[in-house]
Amino acid sequence: MLMFRKRTAGLEFLLAHPGGPYFRSKDEGFWTIPKGEASDGEDLLERARIEFQEEVGLAPFGNFIALGWVKQKGGKIVHAWGFEGDFDDDFKPTSNSFEIEWPPGSGKTERFPEVDDVAFFPLAEAERKLKAAQIPFLHRLKDAPQLLDD
């Protein structure tokens, strides 16, 4: 799900920063749209809505704009929908978590949030922050006929 909000300077896009120790100091090119994996035969829009709520802590609602799909570098196919939304400046994501051995080889496991931050970015900054393969979603949403009438 690619949440957006309208500002006088244009659209701003909500991106998520992945949690965990491997992404702690990574920024440009590492942010993502909130997403997950669907099971065979599962409704993709419904899975996207569930994943957004699990990773951000907000339930997506309203009119969903189909943004098609992209293939990421590792071969994963990502389907996306855009929707309009906003939240207060003091909002903090409440993400589900995952467990990994940390530090590697220590035999100890630690829990980390799947998403450790979310933020709205204008188009130019979102293009720098977002994984390269997902950038087409920004342009598809910006150019969506539903938004051109506004």
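This briefing walks through the sheet, the helices, the cores and a few individual residues of the structure above. The model is predicted, so local features need pLDDT of at least 70 and side-chain atom pairs count only at pLDDT 80 or more, while totals for chains, interfaces and linings use all residues. Residues are numbered from 1 along each chain as its sequence is written, and side-chain values use heavy atoms, with hydrogens and water left out.

- Strands count as paired if DSSP finds at least two bridges between them.
- As a reminder, strands of a sheet pair through backbone hydrogen bonds, either parallel or antiparallel.
- Strands β3 and β4 (residues 77-84) run antiparallel and are joined by 5 bridges.
- Within that pairing, valine 70 has valine 78 of β4 as its bridge partner, and alanine 66 stands opposite tryptophan 81 in β4.
- The hairpin of β3 and β4 has 5 residues between the strands, and glycine 75 takes a positive phi near 100° there.
- Strands β1 and β4 run parallel, joined by 3 bridges.
- Methionine 3 stands opposite phenylalanine 83 in β4.

**Helices across the sheet**

**Nonpolar cores**

- A nonpolar core is a set of buried Ala, Val, Leu, Ile, Met, Phe, Trp, Tyr and Cys residues joined through side-chain atoms within 4.5 Å.
- Buried means under 20% relative accessible area, exposed over 50%, and partly exposed in between (1.4 Å probe, protein chains only).
- The largest core has 22 residues, of which Leu2, Phe13, Leu15, Ile33, Phe137 and Leu141 touch the most other members.
- Two or more residues of this core come from each of β1, β2, β3, β4, β7 and α3, and α3 gives the most, with 4 residues.
- A second, separate core of 14 residues includes Leu14, Ala48, Val115 and Val118.
- Leucine 141 is in contact (heavy atoms within 4.5 Å) with Leu2, Phe4, Phe13, Ile65, Leu67, Gly82 and Leu147, not counting residues up to four places away in sequence.

**Aromatic rings**

- Rings of Phe, Tyr and Trp (its six-membered ring) pair if their centres lie within 6.5 Å; planes under 30 degrees apart count as stacked, over 60 as edge-to-face and the rest as tilted.
- By this rule there are 8 aromatic pairs.
- One of them is edge-to-face: phenylalanine 52 and phenylalanine 83, at 5.3 Å centre to centre with 80° between the planes.
- This pair links distant parts of the chain, with phenylalanine 52 in helix α1 and phenylalanine 83 in strand β4, 31 residues apart.
- Phenylalanine 52 and phenylalanine 83 are both buried, and Phe52, Phe64 and Phe83 form one aromatic cluster.

- Arginine 5 is found in strand β1, and counts as buried because its relative accessible area is 14%.
- The side chain of arginine 5 makes polar contacts of 2.6 Å with that of glutamate 12 and of 2.9 Å with that of aspartate 86.
- A polar contact is a pair of N or O atoms within 3.5 Å; within protein, one must be able to donate a hydrogen and the other to accept it, and residues adjacent in sequence count only if both atoms are side-chain atoms.
- Lysine 6 is also placed in strand β1, and is partly exposed at 34% relative accessibility.
- Glutamine 53 lies in helix α1 and is partly exposed at 41% relative accessibility.
- Beyond its neighbours within four places in sequence, glutamine 53 is in contact with Leu58, Ala59, Pro60 and Thr94.
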